[in-house]
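Morning, everyone. I'll walk through the inside of it.

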Amino acid sequence: MKSLILSLTICLSIFCNLSLAQDSYRVLPPDFNADKSQQMMRAWLRTQAHQALDRRQQDLEAALASPDKFGVYQQQRREILRRSLGEMPPRTPLNPKSTGAIQADGFAIEKLYFESQPGFYVTANLYRPAGDGPFPAILHPLGHSENGKAYSAYQRANQLLVKHGFIVLCFDPIGQGERKQIMDADGKPAHRASHEHQELGVAPILLGRGLGSYMVWDAVRALDYLCSRPDVDTRRIGCTGNSGGGNLTSFLMAYDERIQAAAPGCFMTTHRRKNESPGPGDAEQNLYAQIRDGFDHPDFILSRAPKPTLILAATHDFVPIAGTWEAYRQAKRAYTVLGYPERVALIEANEKHGFSQRLREGATRFFARWLQGRQIEVFEEEPVVVYVDQELQVTPAGQVLQLPGARSLLEVNQDEERRLAAQRPQLTRNLIRNVAGIRPLKDLPEPRVELIDADGTRTNWKGSESKNQAGRTVPLKLLFHPTAGIVLPALYWPQGSAQPVLLAPEAGMNGAVKEALQLNQSGHPVLIVEVRDTGETATRNWRFFGADYYIASMLGRCWLGMRAEDLLTCARWLKDDSRSDSVHLTAEGELTPAALHAAALEPELISRLTSRKGLASWRSLMTEPDAHQHIHNAVQAGLRYYDLPDLKTLIHTTP
């Protein structure tokens, strides 16, 4: 009889435990993160961004007191820009090659390509007026058109400018037109333009740059090509582009002093406005630490003052028009302080996002005034011949990667990683902390911990809560508050005298409950924690996956580093509450790199690490065609100092 009772008890226990393992636990209210604009990470980062932008505004107000003070402000912003863009490659031979020409009425279109880096080809069309020259020249970087330089509105802008006496160099950006970098198994482009930019944006971060840095360098080399031509007047060079081209125009006009007049289109606004809606831009548009260091959108203009600048804008743009006018007002005030208020202007077309007719006309008038000394009326006249893509095609097969000796950006990144790996310094824990932005354990504040009762009531955790929990199979629900504005939901089984285990599941706590029960039945206290931006606090995609990562990056914050600190904070609490010497940390998937960092930096706290799946190395992302899924684990300049496998020499791991 006793044997039967024991068997029934065991079966009942197993049934209950399996049932519990299948239960769906939730710690935070169901409507947490429901408001897209008030999600946890967005709200937390918003506060920091606003504080940094407020400091920048105070600096600007002080600088506007005199031309001398403003000159200091300008120099500081130029230094911030260059630091954010990162180290540029060396200038190497352009090796330009002409592949054909189109003869049109009063102008010709030359088809050519050059190498911005060895084997890294840039395809371009050069619009040239009839005559000997030398002519003033306009560099035209492009927006996110899939067909690059062949996009209708861009052809129209080029033709309007060339008909008024300008040479125009219009080149395909990385990932567009003939410059696709990621091909599928059939040799065809694997992604559309803006999506390819996201995939290509991860590796440059790890190398200490950004995709925008590569694009700026392409543009600098395009200027080098223009200046090498005898028919170009190098003293009279302008730059204009729309959307992504407005972004690159803004970068370039502040970076390269050869740009005498600039007209960025459908880009200029303020970070305060843009971060709210539509959100941070594509990978190339976000510069590391620029918000933290006080560089806002208007600073692209302010840093080049008093050179002539025209803001091209659209009333119904997704680029916030209110921010555009705020940027313009800042620029107008600065130009007035310098004595040249007439050199900055704004055109607002009653249109949607795009290089629309009135913006094309306004840009041409602007360049005629400041590069030709002419005050003229400009109106686009029909018909305008718009060429099909194949007519403007530069390369034989329509893609640069088909050229002999061509290197993709993936290969460029791979070569750069090898160069950096050969000169890495000795790996130390202090170096890791500095690179990943992870504070020493002693500097991490003690978290406030709340216990959530069955009815949802919250009470502050007391150490005595862990006592008298023997035989408990239902976990305690906890909320960790490591810092103001951040909450980490957790489930806790406190009973047991074996080494405590901290579980950090990738997809949320419920997927780890079964493992937690098994460990707890073996005598281990177990804490499942959802670090920031996982499980119940996961960010709902409000523009694209990883958008908040870029806001953090512009604040100089490391996403991986923040998650590693969450793990360290919770591991320390678990060790103290269970009165143990150390903790066993188990992490999976996207959280593996953060766990590697935590265990490597604090081996006395985390004496054992189990990692499952996840990113094996940063190096692998140099040639990974779907790298954007790993954006949260990209540490700025990480590969200049170490790779993820290097951390394993500092920790104890199990399979």
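**The core**

The largest nonpolar core has 167 residues. Leu-139, Phe-300, Leu-478, Leu-502 and Leu-527 have the most contacts inside it. A nonpolar core here is a set of buried Ala, Val, Leu, Ile, Met, Phe, Trp, Tyr and Cys residues joined through side-chain atoms within 4.5 Å. Buried means under 20% relative accessible area, exposed over 50%, partly exposed in between (1.4 Å probe, protein chains only).

This is a predicted model: local features need pLDDT of at least 70, side-chain atom pairs need 80 or more, and totals for chains, interfaces and linings use all residues. Side-chain values use heavy atoms, without hydrogens or water, and residues are numbered from 1 along each chain as its sequence is written.

**Aromatic pairs**

Now the rings. The structure holds 18 aromatic pairs. Rings of Phe, Tyr and Trp (its six-membered ring) pair if their centres lie within 6.5 Å; planes under 30 degrees apart are stacked, over 60 edge-to-face, the rest tilted.

Take Phe-114 and Tyr-225. Their ring centres are 6.1 Å apart and their planes at 10 degrees, so this pair is stacked. Phe-114 is buried, and Tyr-225 is too.

Next, Tyr-492 and Trp-573. How far apart are they, centre to centre? The answer is 5.2 Å, with 65 degrees between the planes, so edge-to-face. Tyr-492 is buried at 0% relative accessibility. Trp-573 is buried as well, at 10%.

Last, back to Phe-300. Phe-251, Phe-267, Phe-295 and Phe-300 form one aromatic cluster.
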